[in-house]
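This report is meant for a reader who is meeting the structure for the first time. It looks in turn at aromatic rings, a sheet and a surface patch.

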Amino acid sequence: MYSVRMRSRRHSQHHSGAERLVPSDGVEQVAAAMIRRALHHSRGQAETIELVIDELDSEQIEYAVLPDVQTWQVSDFQQGRRAAAELLCSLGVSPTAVETAFADIIRGAAPNGGNMRGAMLVDADSGGRLEPDPARGVRVSRMDLSAEARRELSRVLQQQNLDREPVREALVLAAKVRMASGIVAELCWSDDPDYTAGYVASPQRGYVRFPTLKPLGDQRGGRAFFVRVDPRSLSVLMDFLQQRPVLFDRIGHLLPPRVWRENSS
Ligand code: AMP
């Protein structure tokens, strides 16, 4: 197996990225698809594309199951944000930490007010930022679906008209994040101006998707990983997220969508 990673930049800013784990005979095809994606992105054409391909020791690969997925219907992005905030609080994230993370993503969580390349690590109690580099954040890497799980996931997601690349990719990323010890929950919405959906994922409640967490056309997006860890274990958590290869070979359940009502989660 190989890890294939792509990261592109435009105007000296993060532009797009992708992560796959593939057998050696799939590397060329996957690498070409990643380059195509960086060249034909809705945010414009990449100026710099970096591709990193590493052979993996197959003994190191962990096999795991995807979380259950449920969509919570909301009427607009403001209601989506209230629903996501309420869910995060019910998962044990403090209201301060929730507010800080929302404010950071809305404003642009990198020190220059732009999007970060990776995720913020947010203390689930104090709301303090814990990632060593606040521009880069933590980039989750080395995770993918097995070929069979990919087929099965597509088949199941089609039932709710959700079988799209960004949905599958975000689900795989969130599935790895929630396996890390010390993670309480994750909040995400895309920085793609055409893609308004976002999610809250957690070990307790799986992957809860909100069709809208931002206004259409907004270039801001980001990820917050809410953690409760001994500071000495932070490097272990980051090492798991960035280095440990995880292949999802089984999918979870696709639950029927629910309509979210204020104060109902
Ligand atoms: P995307 O869902 O690809 O639009 O990404 C939304 C935001 O999530 C980006 O602006 C980054 O801050 C963050 N992000 C993207 N890819 C990763 C990753 N592999 N690991 C951690 N954070 C990421």
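Is Phe102 buried or exposed? In this predicted model, Phe102 has a relative accessible area of 9%, and because buried means under 20%, Phe102 counts as buried.

**Aromatic pairs**

The search of the whole structure finds 3 aromatic pairs, and two of them are described here. Trp72 and Phe210 form an edge-to-face pair, with 5.8 Å from centre to centre and 85° between the planes. This pair links distant parts of the chain, since Trp72 belongs to strand E5 (residues 69-73) and Phe210 to strand E10 (residues 206-210), 138 residues apart. Both Trp72 and Phe210 are buried.

Phe102 takes part in a pair with Trp189, in which the ring centres are 5.7 Å apart and the planes stand at 35°, so the pair is tilted. Phe102 lies in helix H3 (residues 95-107) and Trp189 in strand E8 (residues 183-189), so parts that are 87 residues apart in sequence are tied together by the pair. Trp189, with a relative accessibility of 2%, counts as buried.

**Charges over rings**

Two rings have a charged residue lying over the face, as the table sets out.

| Charged residue | Ring | Distance from the ring centre |
|---|---|---|
| Lys176 | Phe240 | 5.3 Å |
| Arg258 | Trp72 | 4.2 Å |

Strand E8 runs antiparallel to strand E9 (residues 198-202), and 4 bridges join the two; the bridge partner of Cys188 in E9 is Tyr199.

**A nonpolar surface patch**

Which residues make the nonpolar surface patch of about 340 Å²? The patch is made by Ile35, Leu39, Ile49, Leu51 and Ile53, and the elements that give two or more residues to it are helix H1 (27-39) and strand E3 (48-55). Strand E3 provides the largest share, 3 residues. Leu51, which is found in strand E3, has a relative accessible area of 34% and is therefore partly exposed.

How values were computed
Residues are numbered from 1 along each chain as its sequence is written. This is a predicted model: local features need pLDDT of at least 70, side-chain atom pairs count only at pLDDT 80 or more; totals for chains, interfaces and linings use all residues. Side-chain values use heavy atoms; hydrogens and water are left out. Patches are made of residues with over 30% relative accessible area and no salt bridge: like charges are joined within 9 Å, nonpolar side chains (Val, Leu, Ile, Met, Phe, Trp, Tyr) within 5 Å. Accessible areas come from the Shrake-Rupley method with a 1.4 Å probe; for residues, only the protein chains shown count as cover. A salt bridge is a side-chain nitrogen of Lys or Arg within 4 Å of a carboxyl oxygen of Asp or Glu. Buried means under 20% relative accessible area, exposed over 50%, partly exposed in between (1.4 Å probe, protein chains only). Rings of Phe, Tyr and Trp (its six-membered ring) pair if their centres lie within 6.5 Å; planes under 30 degrees apart count as stacked, over 60 as edge-to-face and the rest as tilted. A charge sits over a ring if NZ of Lys or CZ of Arg is within 6 Å of the ring centre and within 35 degrees of the ring normal. Two strands pair if DSSP finds at least two bridges between them.
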